[in-house]
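Subject: Structure handover

Hello,

Here is the structure you are taking over, with its sequence. My notes on what was found in it follow below.

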Amino acid sequence: MENFKNIICYLGFYKQHQCRITISTFLVAILALGESIAQDVKNTPAMYSSEPQLLQEGQLLFEKNCSSCHNFSQRSIGPGLQYTTSTLSKKWLSEFIMDAPKVITSGDARAAKLYSEYNQMMPSFSWLDSTQVEAILAFMSKRQKSFAIQKELTSASIKDPIPEKVTLLEERLHLQYHSTAPRTDTKAAWARLNKMDKLKGDPERQFIVDQRGVLYEIKGKDWYVALNIESLKPNFVSSPGMGTGFGSFAFHPNFNKNGLLYTTHAESNSSLKGDLTLADSIKVGLQWVLTEWKIKDSSKLPFVGEEREVLRIDLLTTSHGVQEITFNPFKEDWEEDYGLLYICVGDGGSTEKKGYYQLCADNTGVSGSILRIDPMGRNSKNGRYGIPKSNPYLGSQNTKVFQEIFCLGFRNPNRISWTPGGAMLINDIGQSNIEEINLGIAGADYGWPYREGRFLVDPKGDINEVYKLPNDEEKGRYTYPILEYDHDEGNAISGGFVYNGLLVPALKNKYVFSDITNGRVFLLEMEELLLGEKGAMKEIEILVDGEQTTFQDIVGTAKPDSRLGLGIDGELYFFTKADGRLYKVVGFD
């Protein structure tokens, strides 16, 4: 029994991570109840079919529903799947997959403990029939490792990377409920809101995207469809919901004259070859597509116009995709950076899928990088966009280097924002320890998968462990965050903004951001952020319509999936993906 306990300790697993809990997350998390598993005779593990057709179906179902978060070698976004079917009964696993909420609310001790660990409930998968569930479990059983594992010592790893705790400000942030997005599903998350931004002009306009395929314009408190990608792109995919769907949008800074709108969306791997590709020997798991839309009359909704595919990017899995595209809003048309499009490309889950970390390391691919292109240029290999002359790798003697790269070394760069002075801020969601805000610098390497924040990672080992930096590190080899926090505070940093609006003068030049998983709100002075002042990050409580509360309390789940956006006149908004609600910041005192 003591050896069994050691195995459970060795496995470990996440709490409140950024991914939406999937089927396999819960299957593996059950290992935490190891002692009860061993004692429960009724739950003795069963034998699974080895019939090839069933296994093939199970693999397809697994890759669609589980692979973005899990693998069979180590923990990924969620726990690894090394031992599940070798420790639990088929009957229990099948019932839990089919209807986890029912099992949890029935009083089942194992399910109740899972719920207490994760503080959120896996949705019902009642649409799966018994044969499909059997297929998933059979495939997982085939991939199980022997239950006997060799214990690895991790005594050198750092268990609490940043022991200092974030303190609470006396001031509070006042929010006012604005409106709720149209539902795009019959179950939570009701609307997968992902990015909100304003369109300059007279008057200004504000838009927000639902990852399930819809761009809305918000007029007053009403939501109008501006563009429905799902209906226009036949290969569009928005599930599983981690790194798929309608990723981002960006209006060209001269949109009011040229009518150019840019969008990104995910497509299932097709016969179309990517422009920024993986090696021929590596199977592509998902493609991200950058599209240019030339809108004929932007005053009419939905938008109507001509579309042009600009760029297609190959990624390994459905996680950590292309989450952000943006132009620098503070550049004028005579400046070199004007009209250049920045594209955040995640590592595609390549580091977590053991053996593929090199796809986002040492500039051997575009995974885990920020690209910069001129969408109106034509000097790229496909002739549909330009590579700016100031890009750091343009003209490199290394023919394997992608010249589109502006900077690299990210795991999941989910947002870019800009200070009023034009400084570029990049938020990067970490693995198991560190969340980052980085200052965007041309040619910089921010370290992943060899670094997470200011800590060492071994991409060939357990990437969930971090270590102190080596004493002999080459000076300037990596660029480190200007702000970082560890997973004592939160598990996935959301996009943030330096407030530059007029409604809340006391908030001027303060950087506000949130954590996606727990909804906590943080704030610090812009100058302190840019200087990397240690301890400058503070938590701030929120009031909604005059009542002190939290996003967790409002949404009613442990993961409210809180994000920030910019509206008309640069005013700041919060929205929660779990329930599709939008809130406007109206005060700070």
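This is a predicted model: local features need pLDDT of at least 70, side-chain atom pairs count only at pLDDT 80 or more; totals for chains, interfaces and linings use all residues.

Residues are numbered from 1 along each chain as its sequence is written, and side-chain values use heavy atoms, with hydrogens and water left out.

Of the 589 residues, 58% count as buried, meaning under 20% relative accessible area, with exposed being over 50% and partly exposed in between (1.4 Å probe, protein chains only). Taking contacts between residues at least 6 apart in sequence, 66% join residues at least 24 apart; a contact is heavy atoms within 4.5 Å.

Sheets

Strands of a sheet pair through backbone hydrogen bonds, either parallel or antiparallel. Here two strands are said to pair if DSSP finds at least two bridges between them.

Glu267 stands opposite Gln287 in β8.

Another open sheet of four strands runs β10-β11-β12-β13, and its pairing is antiparallel. Its edge strands, β10 and β13 (405-408), each pair on one side only. Neighbouring strands are turned by 20° against each other on average, direction ignored. Between β12 (residues 369-373) and β13 there are three bridges, in the antiparallel sense; Ile370 has Cys407 in β13 as its bridge partner.

Cavities and a pocket

The search used a 1 Å grid over the protein atoms alone: a cavity is a set of points where a 1.4 Å probe fits but cannot get out, a pocket is an open set with protein on both sides within 12 Å along at least five of seven lines, and lining residues have an atom within 4 Å of a point. Six cavities of 30 Å³ or more were found in the whole structure. The largest cavity has a volume of about 50 Å³, and its lining includes Arg411, Asp428, Tyr446 and Trp448. That lining divides into three nonpolar, three polar and five charged residues.

The second largest pocket has a volume of about 940 Å³. Its lining has 41 residues, with Asp197, Lys198, Lys200, Phe327 and Pro329 nearest its centre. Among the elements that give two or more residues to this lining are β6, β10 (322-327) and β14 (413-418). The most comes from β2, with five residues. By class, the lining has 20 nonpolar, 11 polar and 10 charged residues.

Lys460 is in the loop between β18 (455-456) and β19 (483-486). Lys460 is exposed, at a relative accessible area of 58%. Gly355 is 105 residues away from Lys460 in sequence, yet their C-alpha atoms are 7.5 Å apart.

Regards

Terms used
Grid points are joined across faces, edges and corners, and a volume is the space filled by probe spheres set on the points. Ala, Val, Leu, Ile, Met, Phe, Trp, Tyr, Cys and Pro count as nonpolar, Asp, Glu, Lys and Arg as charged, and the others, Gly among them, as polar. Axes are lines fitted to C-alpha atoms, for helices over the stretch in contact, and angles run from 0 to 180 degrees between N-to-C directions.
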